Amino acid sequence: MAALSMVPRYKALVPQDQSLPAIWLISDARNDAVLESALKRLPRGSGFIYRHYHLDGRARYERYLTLRRVARAYDHTVILADSALTATEWRADGIYGPSRALYPRRNGLLHLATAHNIREVALANQFGSDAILISPIFTTNSHPSGKVLGPAKFRLLAAHSNAPVIALGGMNAHRAHTLNWSRWAAIDGLS
């Protein structure tokens, strides 16, 4: 943790209230064909995280433009899994990824950090992330035999967050209700 002391502390740009959407759809190669309809089914003002790591260059950008247009029509917050510079050029509302990839902070962009353990939650706190996506809580189609946190460990990690926490990993409406967690994200669970 000595390296963390060298990282400047930043104040999160979004207060820890209801400013962030509660439900987040995350893009992936396997839900690409249904993303337009999924975005239309989300409650107005939800969040959309565009990853599409399977596409390169122009194809990734063109797909983003199509999905951003649909998302904006429903007042969704649009987050890009890329650099702050690209997010600004593509007119996204923020960026998503590991805490170190979100540094340095860029005003005007939301910074959504990913975390899988206490060290990554601490980094997200140190970098002043606006929200932290903690995962995987449950088994996922992305990593069907991967290690999961489970509800208890998820809550322990969430308790250490200075920012709002978005539950991720095998999430759907039923699991969010069972977990009693208002902010959650999914790939398959919303597609």
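Predicted model: local features only at pLDDT ≥ 70, side-chain atom pairs only at ≥ 80, totals over all residues.
Is S83 buried, partly exposed or exposed? Its relative accessible area is 29%, so S83 is partly exposed; here buried means under 20% relative accessible area, exposed means over 50%, and partly exposed lies in between, with a 1.4 Å probe and protein chains only.

Good morning. Residues are numbered from 1 along each chain as its sequence is written, and side-chain values use heavy atoms, with hydrogens and water left out.

Let me stay with S83 for a moment. S83 sits in the loop between β3 and α3; helices (H or I, at least four residues) and strands (E, at least two) are DSSP runs, numbered from the N terminus. The side chain of S83 makes a polar contact of 3.0 Å with the side chain of T86. By polar contact I mean a pair of N or O atoms within 3.5 Å; within protein, one must be able to donate a hydrogen and the other to accept it, and residues adjacent in sequence count only if both atoms are side-chain atoms. T86 belongs to helix α3, residues 84-89, and its side chain is also joined to that of D82 by a polar contact of 3.4 Å. T86 counts as buried because its relative accessibility is 15%. As for S83 and L102, 19 residues separate them in sequence, and their C-alpha atoms are 7.2 Å apart in space.

I turn now to helix α2. The end C-alpha atoms of α2 are 25 Å apart, which agrees with the 24 Å that its 17 residues should span at 1.5 Å a residue; the expected span is 1.5 Å times one less than the number of residues. Which residues of α2 are buried? They are R60, R63, Y64, L67, R68, V70 and A71. These residues cover an arc of only 160 degrees around the axis, and therefore lie on the same side of α2; the arc is that of the directions from the helix axis to the C-beta atoms. In general, an α-helix has 3.6 residues a turn, so residues three or four places apart point the same way. R58 and R69, on the other side of α2, are exposed. The cover over the buried residues of α2 includes α1 (35-41), β2 (47-50) and β3 (77-80), where contact means heavy atoms within 4.5 Å. Just after α2, D75 takes a positive phi of about 60 degrees, and D75 is in the loop between α2 and β3.

Next, the strands. Strand β1, residues 23-26, pairs with β2 in the parallel sense over 3 bridges; two strands pair if DSSP finds at least two bridges between them. I49 in β2 is the bridge partner of I26. From β2, G47 and I49 point one way and F48 and Y50 the other, and all are buried. In the loop between β2 and α2 we find H52, whose phi is near 45 degrees, a positive value in a residue other than glycine. H52 is buried, because its relative accessible area is 1%.

β5 and β6 also run parallel, joined by 4 bridges, and A115 stands opposite I134 in β6. Both faces of β6 are covered, with A131 and L133 buried on one side and I132 and I134 on the other. In the loop between β6 and α5 is P136, and the peptide bond from S135 to P136 is cis, with omega near -10 degrees.

Helix α4, residues 118-126, has V121, A122, L123, A124, N125 and Q126 as its buried residues. Among the elements that cover them are β5 (110-115), β6 (131-134) and α5 (150-159). N117 caps the N-terminal end of α4, with a side-chain oxygen 3.1 Å from the backbone nitrogen of R119. Just after α4, G128 takes a positive phi of about 70 degrees.

How many residues does the largest nonpolar core have? This core has 42 residues, and those with the most contacts inside it are L25, L39, F48, I134, F154, M171 and W184. A nonpolar core is a set of buried Ala, Val, Leu, Ile, Met, Phe, Trp, Tyr and Cys residues joined through side-chain atoms within 4.5 Å. Helix α2 gives the most to this core, with 4 residues. Another core, of 15 residues, lies apart from it and includes Y96, L112, L133 and A185.
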